[in-house]
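Thanks for coming, everyone. Please look at the model on the screen while I talk.

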Protein chains: 2
Amino acid sequence: MSGRPELSRAPLSGADYFAVEFDPERAEIVMLDQRLLPVQIVYYRYAKPDQIVDAIRDMVVRGAPAIGIAAAYALALQARLERGDERSFLLAHGVAGRILGRARPTAVNLGWAIARMSTRAAAVAKLPWEERAQRMQAEAEAIHTEDVAACKAMGRLGAERVPERATILTHCNAGALATGGYGTALGVIRAAVALGKQVRVLADETRPYLQGARLTAWELFQDRIEVEVITDSMAAYFFGKGEIDFCVVGSDRVAANGDVANKIGTYGVAVLAKEHGVPFTVAAPWSTVDLQCASGAEIPIEERSRDEIARLGDLVLVADGIGCRHPAFDVTPARLVSEVFTERGAFSPARGETPAILLTPRER
Amino acid sequence: MSGRPELSRAPLSGADYFAVEFDPERAEIVMLDQRLLPVQIVYYRYAKPDQIVDAIRDMVVRGAPAIGIAAAYALALQARLERGDERSFLLAHGVAGRILGRARPTAVNLGWAIARMSTRAAAVAKLPWEERAQRMQAEAEAIHTEDVAACKAMGRLGAERVPERATILTHCNAGALATGGYGTALGVIRAAVALGKQVRVLADETRPYLQGARLTAWELFQDRIEVEVITDSMAAYFFGKGEIDFCVVGSDRVAANGDVANKIGTYGVAVLAKEHGVPFTVAAPWSTVDLQCASGAEIPIEERSRDEIARLGDLVLVADGIGCRHPAFDVTPARLVSEVFTERGAFSPARGETPAILLTPRER
């Protein structure tokens with residue numbers, strides 16, 4: 001399926017394009033192939049949960065919140081397919097959840113969404129299959145709409161910190177395409193623009209997958225927000241020239257001590273921001289915060305394949321026989337993170353604050 | 001011409017492959033098209049100085065010392081073509097030199113080689129054209145062989161500073177392909193290996209032209225030196241893991257105060273090295289030192305085209321209509337440069353030393 005996707009209802013993302021949506025009438029998950037942007041806009045329709053595992057692993061969909069939402073919809077699909085009794089439903093759900101959970105290791109949102117769907121599965125397992133499936137779908141949709149709302153809330157919060165006139169550096173894509181819609185880091189940028197601030201963006205191209213060049217620049221261009229693409233290696237040059245006023249990125253996991261895992265290259269941006277006295281901020285929904293994870297040292301860093309570095313399309317960048325390293329994420333220590341924006345509020349790891357300050361009294 | 005090039009004499013580079021050589025029998029400059037590596041090994045033969053201007057501008061040949069040598073050979077060719085009197089010889093030489101000098105702005109070696117050839121041109125202008133051409137050729141060959149000797153001398157010097165067991169990070173290609181032969185930064189690495197040190201190399205891929213992935217990895221692989229390629233954005237990750245013990249890069253211009261211009265991304269490596277307490281060193285021939293240039297602020301930084309960022313081969317990485325920035329070089333301030341190795345000796349900009357300490361009493 002190509003071009004603008006047809007859905008049986010308005011997309012929950014609230015935008016013309018989206019990473020992932022559910023089409024209840026056809027019982028299909030509709031997903032944009034982000035590997036083909038910006039040249040081709042191709043949406044796929046998936047009717048089986050297994051296809052979502054492949055789509056996550058092969059990066060048809062990427063971005064921590066978006067893969068959580070995709071997994072939630074996969075489990076909603078699973079609930080439609082399994083029409084047996086309570087036991088078979090929970091068994092099938094459990095297997096599907098475990099397989100989905102292994103698709104990618106670093107983003108905690110995946111495990112978070114699966115856990116939330118499992119809590120719901122346990123609560124609805126006894127219901128007749130159609131009602132059960134309906135409740136599972138409603139839970140996945142809630143995860144999706146809450147994510148969009150979270151992006152808007154953290155966007156408003158982050159936007160207050162953006163200077164009135166600012167060149168903002170961002171790394172990778174933490175936009176509508178990485179979330180349920182609106183975006184985390186790009187949500188901050190969109191909200192700053194909505195406040196009337198004079199914002200221009202430098203987008204790191206973000207090798208090897210080029211999410212900055214292909215996705216972030218494309219998204220901002222759609223919204224008519226001024227953007228220029230630079231190679232990752234140029235950020236230092238523009239910091240040195242004093243051209244960068246503010247940094248904002250997304251995250252795949254925030255540890256209890258305020259360490260932040262994000263796309264490989266983020267740590268280097270944070271070091272440069274500190275060296276040049278520029279705020280380095282992170283926007284992430286609460287579902288990205290992992291209080292079970294004491295520090296960044298405990299966050300599993302996905303190692304992806306050599307060929308994702310050595311080749312690009314048909315081009316051979318590194319001769320056969322020569323090795324490449326490919327950590328897909330890195331960890332930025334809390335001391336370099338000026339502020340983290342969530343839908344619950346902000347905290348400053350650099351000033352010693354941890355996400356725990358945002359817990360409700362009941363959660364503590 | 002493809003594969004191993006035929007020359008009417010042994011290559012002055014002293015290696016199986018080379019960036020640029022002169023073939024006196026056929027009066028041709030033979031040049032490897034570095035844009036096609038590592039997939040294709042294609043050598044071109046040029047009989048006209050104008051072709052060398054294009055080859056430098058279009059990056060068939062790159063690397064500060066190599067483009068200086070290419071320009072010297074171009075002026076030697078020019079001397080063969082201009083058989084008129086002293087005045088026409090000097091006129092033709094001057095025009096050719098000015099056009100060559102504008103091909104690329106940042107590397108001072110280009111201007112240095114042209115100036116040296118012009119001094120020789122003035123000295124030999126009165127001679128019969130054949131003898132004059134012979135002297136010009138000899139001068140270009142001297143520039144070439146002296147560069148190879150300089151690489152070996154600075155290599156020995158730098159190799160002493162490499163730890164007995166070391167993972168060395170390098171950026172771009174400062175190897176045999178960037179010089180007359182042997183290499184500056186890769187000369188240090190080759191000499192460390194020759195001393196029996198246990199060396200492995202992490203090569204930044206070096207976007208946008210991927211000289212690290214395509215050239216540095218290929219060169220080291222030919223020499224059976226252990227090398228792995230990383231994206232530029234991964235250097236911070238490996239610094240953070242404590243995996244990098246030493247950094248060495250080349251240079252396009254060293255200012256009188258010890259500031260160092262080099263391939264875009266070098267400044268970021270230097271900031272990371274400082275943050276992690278790793279030596280950041282530079283290897284460059286004396287022809288790269290520009291004592292007329294007080295500081296890095298005076299070094300012209302070449303801006304290359306948008307499409308070199310936005311496209312790679314036939315791939316579109318950034319959608320049409322979206323801008324890119326493309327500074328091709330950056331300047332690393334002296335305070336971040338632990339040591340500069342030249343054929344005259346070493347100096348430490350970080351400790352306040354400048355290249356002037358290597359001047360002879362007569363030069364001061």
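The accessible surface of chain A comes to about 13200 Å². Carbon and sulfur atoms hold 49% of that surface. The areas come from the Shrake-Rupley method with a 1.4 Å probe, and for residues only the protein chains shown count as cover.

A word on the source: this is a predicted model, where local features need pLDDT of at least 70, side-chain atom pairs count only at pLDDT 80 or more, and totals for chains, interfaces and linings use all residues. Residues are numbered from 1 along each chain as its sequence is written, chains are lettered from A and ligands numbered from 1 in the order in which they are written, and side-chain values use heavy atoms, without hydrogens and water.

Next, burial. Of the 364 residues in chain A, 63% are buried, meaning under 20% relative accessible area (1.4 Å probe, protein chains only).

Now the overall form. The C-alpha trace of chain A spans about 65 × 55 × 40 Å along its principal axes. What builds chain A? It has 10 helices and 17 strands. These are DSSP runs: helices are H or I, at least four residues, and strands are E, at least two, numbered from the N terminus.

Finally, the two copies. Chain A superposes on chain B by a rotation of 180° with 0.0 Å of shift along the axis, at RMSD 0.0 Å. The copies are therefore related as by a two-fold rotation axis.

How values were computed:
Buried < 20%, exposed > 50% of the residue type's maximum accessible area, 1.4 Å probe, protein only. Least-squares fit on C-alpha atoms with pLDDT ≥ 70 in both.
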